[in-house]
Amino acid sequence: MNDIERASDIERAIRSMLAADLFVEVPEDQMNPDDLLRGDFGLDSLGFVELRVLCENTFGITISDTEYTPENFTSIRTLANLVRTLQRSSPAAASD
């Protein structure tokens, strides 16, 4: 799988989490990669914590406190980029 396909799959999974697990009111098919998690989807501090845990469990990564920043959790795209970076640097990625 190339990086573009992987990014698309990650973004799709994040959109699904937002709709199914965090109950944002924007329909999944109307979410764009650059929509703001706080501004467009209305996530609050608890929503961000839940999204962090969902991403860790779904993608098999650990998001450290230093990576858990507003810059990484700005939009679907920035979060997908973080996930992709963490997957590449994880020990499991080396065995793929």
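Where is F23 found? F23 is found in the loop between α1 (3–20) and α2. This is a predicted model, in which local features need pLDDT of at least 70 and side-chain atom pairs count only at pLDDT 80 or more, while totals for chains, interfaces and linings use all residues. Residues are numbered from 1 along each chain as its sequence is written, and side-chain values use heavy atoms, with hydrogens and water left out. Helices (H or I, at least four residues) and strands (E, at least two) are DSSP runs, numbered from the N terminus.

- F23 is not a glycine, yet its phi is positive, at about 55°.
- Most residues other than glycine have a negative phi.
- F23 is exposed, with a relative accessible area of 64%.
- Here exposed means over 50% relative accessible area, buried means under 20%, and partly exposed lies in between (1.4 Å probe, protein chains only).

**Salt bridges**

- A search of the whole structure finds four salt bridges.
- A salt bridge is a side-chain nitrogen of Lys or Arg within 4 Å of a carboxyl oxygen of Asp or Glu.
- One of them joins D9 and R12, with the closest N and O atoms 2.7 Å apart.
- D9 and R12 are three residues apart in helix α1, so about one helical turn separates them.
- D9 is partly exposed at 33% relative accessibility, and R12 is partly exposed at 40%.
- R52 forms a salt bridge with E56, where the closest N and O atoms are 4.0 Å apart.
- R52 and E56 are four residues apart in helix α2, so they too are separated by about one helical turn.
- Both R52 and E56 are buried.
- For R52, the relative accessible area is 15%.
- D65 also forms a salt bridge with R52, and here the closest N and O atoms are 2.9 Å apart.
- D65 lies in the loop between α2 and α3 and R52 in helix α2, so this pair ties together parts that are 13 residues apart in sequence.
- D65 is exposed, with a relative accessible area of 62%.
- Through shared partners, salt bridges join R52, E56 and D65 into one network.

**Around E56**

- E56 lies in helix α2.
- Leaving aside its neighbours within four places in sequence, E56 is in contact with I61, T62 and I63.
- Contact means heavy atoms within 4.5 Å.
- E56 and L86 are 30 residues apart along the chain, and their C-alpha atoms are separated by 9.9 Å.

**Aromatic rings**

- Rings of Phe, Tyr and Trp (its six-membered ring) pair if their centres lie within 6.5 Å; planes under 30 degrees apart count as stacked, over 60 as edge-to-face and the rest as tilted.
- By this rule there are two aromatic pairs.
- F48 and F73 form an edge-to-face pair, at 6.4 Å centre to centre and 75° between the planes.
- This pair links distant parts of the chain, with F48 in helix α2 and F73 in the loop between α2 and α3 (76–89), 25 residues apart.
- F48 counts as buried at 8% relative accessibility, and F73 is buried at 4%.
- Y68 and F73 have ring centres 5.1 Å apart and planes at 80°, so this pair is edge-to-face.
- Y68 is partly exposed, with a relative accessible area of 25%.
- Ring pairs link F48, Y68 and F73 into a cluster.
- R52 lies over the face of Y68, at 4.4 Å from the ring centre.
- A charge sits over a ring if NZ of Lys or CZ of Arg is within 6 Å of the ring centre and within 35 degrees of the ring normal.

**A nonpolar patch**

- L46, V49 and V53 make a nonpolar surface patch of about 240 Å².
- Patches are made of residues with over 30% relative accessible area and no salt bridge: like charges are joined within 9 Å, and nonpolar side chains (Val, Leu, Ile, Met, Phe, Trp, Tyr) within 5 Å.
- Accessible areas come from the Shrake-Rupley method with a 1.4 Å probe; for residues, only the protein chains shown count as cover.
- V49 is found in helix α2 (residues 45–59).
- V49 is partly exposed, with a relative accessible area of 40%.
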